[in-house]
Amino acid sequence: GAMASYEDTKGTRWVLVPFWGPKHPKFKAPVEHGEVFNGAVAAFRMEQDAATGRFALNPAWISRDMKHADPPVVANGIVFGYASGEDVVLRSPPMPFGGEPAPGGTAGRIARSGHAVLYALDGQTGEELWSSGDEITSWNHYSGISIANGRVYIATYDGTVYCFGLPDRGRTP
């Protein structure tokens with residue numbers, strides 16, 4: 001997936017990289033939010049070496065496990081990442097799955113996909129601040145997420161557009 005980048009209020013440049021599958025055992029970050037099996041977002045700080053003057057991307061944190069993490073977006077220091085929920089394994093010819101033959105190609109992928117989950121993460125630590133849990137009932141296929149006017153939008157395979165945000169002032173949630 002595509003990377004995202006932002007500069008925090010202290011002037012630090014961050015690069016966020018989504019990935020699928022388990023974290024490589026040799027890759028370490030100072031803050032890791034559990035074991036990663038299906039994918040996650042890895043955050044790197046752009047830092048300059050005082051002795052050489054060279055810049056480097058240094059690992060800062062890895063998010064919680066996300067089923068096929070896709071590109072995050074950032075607003076006000078909050079990283080909005082999501083697990084697409086899509087089964088991305090193409091099986092052609094069909095291979096056994098769960099003890100029964102599974103259809104390959106697109107039909108099989110659709111049948112095996114779950115649901116997307118949107119996460120709000122602290123941009124400095126990767127700590128999960130909020131998640132959509134089971135509210136999204138379908139999966140996302142490369143359509144990404146958008147942020148506008150304090151709301152986050154995600155579209156799903158079944159044609160639904162979800163909108164998450166803060167309730168208007170003076171109204172009860």
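Reader: Where's Asn-76 sitting?
Author: Asn-76 is in the loop between strand 6 and strand 7 (78–83). Strands here are DSSP runs of E with at least two residues, numbered from the N terminus. Before we go on, this is a predicted model, where local features need pLDDT of at least 70, side-chain atom pairs count only at pLDDT 80 or more, and totals for chains, interfaces and linings use all residues. Residues are numbered from 1 along each chain as its sequence is written, and side-chain values use heavy atoms, with hydrogens and water left out.

Reader: OK. What's its phi, for Asn-76?
Author: Positive, about 50 degrees, although Asn-76 is not a glycine. Most residues other than glycine have a negative phi.

Reader: And is Asn-76 buried or exposed?
Author: Asn-76 counts as exposed because its relative accessibility is 81%. The cut-offs are under 20% relative accessible area for buried, over 50% for exposed, and partly exposed in between, with a 1.4 Å probe and protein chains only.

Reader: What about His-68, where is that?
Author: In the loop between strand 5 (55–62) and strand 6 (69–75). His-68 also has a positive phi, near 60 degrees, but His-68 counts as buried at 11% relative accessibility.

Reader: Switching to rings. How many aromatic pairs are there?
Author: The structure holds 5. Rings of Phe, Tyr and Trp (its six-membered ring) pair if their centres lie within 6.5 Å; planes under 30 degrees apart are stacked, over 60 edge-to-face, and the rest tilted. One of the pairs is Phe-27 with Phe-44, tilted at 5.8 Å centre to centre and 55 degrees between the planes.

Reader: Which parts of the chain does that pair link?
Author: Distant ones: Phe-27 is in the loop between strand 2 (13–20) and strand 3 (31–32), and Phe-44 is in strand 4 (residues 39–48), 17 residues apart. Phe-27 is partly exposed at 25%, while Phe-44 is buried at 15%.

Reader: Why do Tyr-162 and Phe-164 count as stacked?
Author: Because their planes are at 5 degrees, with the centres 6.4 Å apart. Tyr-162 is buried at 15%, and so is Phe-164 at 11%. Together with Trp-130 they form one aromatic cluster.

Methods. Helices (H or I, at least four residues) and strands (E, at least two) are DSSP runs, numbered from the N terminus.
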